[in-house]
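Please look over the sequence and the three-dimensional view before reading on.

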Amino acid sequence: MMWDTWQRFKTDRYGMGGLVVVILFLIIALLVWSGLLGQGWSEVSGNGWERASVTHWFGTNRLGQDIFQRTLFGTATAFEIGLTVTICSAILGTLMGALAGWYRDSWLDEVILWLKGVLDSIPFYLFAAAVAFALKGSAWAMHLAMIITFWTTTARIIRGEVIRIKQREFIEAARAIGLPDLKIMIRHVLPNTFHVLLVQSTIVFVAAINTEVILSFLGLGIQDGVSWGLMLAESSEEVLAGNFGNFIAAGASLFILLMGFNLLADALQDALDTRRLGK
Amino acid sequence: MSTVALNVKNLSIWFGDGAERKQLVDRVSFSVNAGDATGLVGESGCGKTMTAMAILGLLSTTGAKVRSDAIEINGKDISVLSAAQRRQILGREIAMIFQQPGTAFDPVFTVGQQISAVYRRHTGGDKKQTLKAMLESLESVGFKQAGEIAATYPHQLSGGMRQLAMIAMATVCKPSVIIADEPTTALDGSSRALILQQLERLRLQSQTAILLISHDLTVVKQVCRNVMVMYCGRLLEKTDCESLFSHARHPYSAGLLSCIPRIGSTRPSRIQSIPGQVPQASNLPPGCHFAPRCTRAESRCRESIPTLDADHQGVVACFRPL
């Protein structure tokens, strides 16, 4: 299945472009994590608001910190938040959604739907602030707030898919060859939700990075480090004064990464959906 | 002397209890010998598929209540087995072929992967054995390029080919009983002939017992020696195909036969159908369920239930057979 998918994916030029972009950013992030790039993000290496030059490729910010270094470090932050939130909320959402869908109308379904309803009814930023306050400025407060609120959408979608798939005849056929429920779920139900989960995950990834921008702007986000969100927050004052360094560097990075990610997801969805193959 | 492969004794299926009770299948008994094919015919909604599902024990998730004296496969009662024990038998000793071959395959795996999974599950064979068994079963249903078919996804095959692949999947473990639920209903004429040929081959070569469920008497006639006519969850007539076609005893069977259009006969003044409608399962008439639609019905038909032994030959459940 993996090999077939790759063969189909390879023929999609936009998808391959997206993959290259995402991999490039991922390499930058890996280099930052391993301490080879972007380590000078907090160092004051010049005067405030310098223009782009050989020493400061994207110029400097108000304090004289190098914007290029900060952009590189921001890449790692974006991946760290995006991946953590996406993976955790996808696992939680799939588990909850699959349980609710498979045991539809049982007490378990009721409990999960009730939990989802409660979480969805709390205004998100208020909730994030509450979590941040409860965790007393922990670096994980933002992640936790996002995971707790983002899984509900995934769960709703997976629940609907599972209910739809459960009624398909091949589930009955799987029972007729003697497969137990758990195996039917793992082998036949979940793989059929995979392309939906993938699309939903890209939406969550993008939403996580976007939300980080807003939360960081409100002071509820990154505690130690720098992110594109913090850079955009800084630039809100600078742009009025005619300094576009932060704005362009963070904005363009955000745009290119998210665009690459969306192209990748789109192509992956087509490649994974075996029903779209020609006759 | 052939052995009894499938034996069903007094199978009943119903939903709800008390006044809400809906009787879907009522004390149905029959058996199919190894190397024999038996047809189960009746109008849509008369309980044919329910009977098949109950034999396989697949009704537990639907809330339907099932009771039977015994459901025996090769003399072993599977109705008393636990769910886990029953799963060991499904697919290996008894397999089912579904009406919609398009949706009975999982769309995300290739045909070969799905057939292999059934084989591996029941035999624990290694990769090489599994591959060999999978290709053999695809070849046995008539695919010349079994390897290519194995690598395709279900939707890439035509309806007829999918149904052939379905038969390959059902027979990969060489079960002794196959239940085919309307296997040709969704297919065109030539595909239908292919499928029926395969069922015939299984019956003759592998001595498989086949229960063929269909609403189409002509299909049943082509494959089966024996036939059972079902109406509102009861068997009304149980006989061999030849006598049914030459001389149907139950008025309902006769009605079904008269509904088959014939090529070459003079055009009838109007298309034949049985007057009236199939009653609801929650509102079955007392006595013979067919009495309200029957032209021969008399007062005792509406009062007491005729058993299959009403004619003292165990053939027809009717007080006034034809």
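The structure is a predicted model, and every value given here was computed from it.

**Chain A**

The secondary structure of chain A consists of 10 helices and zero strands. Along the sequence, the pattern of the chain therefore reads α-α-α-α-α-α-α-α-α-α. Taken along the principal axes, the box filled by the C-alpha atoms of chain A is roughly 75 × 45 × 30 Å. Chain A has 279 residues, of which 43% are buried. Among its contacts between residues at least 6 apart in sequence, 67% join residues at least 24 apart.

Trp57(A) lies in the loop between helix H2 (13–33) and helix H3 (67–102) of chain A. Is Trp57(A) buried or partly exposed? Trp57(A) counts as partly exposed, because it has 14 C-beta neighbours inside 10 Å, whereas a buried residue needs 20 or more. When neighbours within four places in sequence are left aside, Trp57(A) is in contact with Ala52(A) and Phe68(A). Leu24(A) is 33 residues from Trp57(A) in sequence, and their C-alpha atoms are 19 Å apart in space.

**The open sheet of chain B**

In chain B, six strands form an open sheet with mixed pairing, in the order E7-E8-E9-E3-E10-E11. Strand E7 (94–97) and strand E11 (234–240) stand at the edges of this sheet; each has a single partner strand, so one side of each is left without a neighbour in the sheet. From one strand to the next, the twist averages 15 degrees.

Strand E9 (residues 209–214) of chain B is mostly covered, with six of its six residues buried. Ala209(B), Leu211(B) and Ile213(B) point one way from E9(B), while Ile210(B), Leu212(B) and Ser214(B) point the other way.

E9(B) takes part in two parallel pairings described here. Strand E3 (residues 37–41) of chain B runs parallel to E9(B) and is joined to it by five bridges. Strand E8 (residues 177–181) of chain B also pairs with E9(B) in the parallel sense, over five bridges. The table lists residues that stand opposite one another in these pairings.

| Residue | Opposite residue in E9(B) |
|---|---|
| Thr38(B) | Leu211(B) |
| Val177(B) | Ala209(B) |

How does the chain cross from E8(B) to E9(B), and what is the hand of the crossover? The chain passes through helix H7 (residues 189–205) of chain B, and this β-α-β crossover is right-handed. H7(B) lies across E3, E8 and E9 of chain B and runs at about 155 degrees to E9(B).

**A hairpin in chain B**

Strand E1 (residues 4–15) and strand E2 (residues 22–33) of chain B pair in the antiparallel sense over eight bridges. Within this pairing, Asn7(B) has Ser31(B) in E2(B) as its bridge partner. The two strands E1(B) and E2(B) form a hairpin with six residues between them. In the turn, Gly16(B) has a positive phi of about 70 degrees.

**The nonpolar core**

The largest nonpolar core has 164 residues, and those with the most contacts inside it are Leu212(B) and Val229(B). H3(A) gives the most to this core, with 14 residues.

Not counting residues up to four places away in sequence, Leu212(B) touches Ala37(B), Gly39(B), Ala180(B), Leu199(B), Val220(B), Val223(B) and Cys224(B).

**Where the chains meet**

How many residues of chain A are in contact with chain B? There are 17 such residues of chain A, in contact with 20 residues of chain B. On the chain A side, the elements that give two or more residues are helix H7 (169–176) and helix H8 (181–217) of chain A. H7(A) gives the most, with six residues. By class, the side of chain A that touches chain B has seven nonpolar, four polar and six charged residues.

Definitions and conventions
Residues numbered from 1 in each chain as written. Chains lettered and ligands numbered in written order. Predicted model: local features only at pLDDT ≥ 70, side-chain atom pairs only at ≥ 80, totals over all residues. Contact = placed C-beta atoms within 7 Å. Helix = DSSP H or I, 4+ residues; strand = E, 2+ residues; numbered from the N terminus. Nonpolar A, V, L, I, M, F, W, Y, C, P; charged D, E, K, R; others polar. Buried ≥ 20, exposed ≤ 12 C-beta atoms within 10 Å, placed from the backbone. Pairing = 2+ DSSP bridges. Right-handed = clockwise from strand over helix to strand, strands pointing away. Core = buried A, V, L, I, M, F, W, Y, C linked by C-beta atoms within 7 Å. Axes fitted to C-alpha atoms, helices over the stretch in contact; angles between N-to-C directions.
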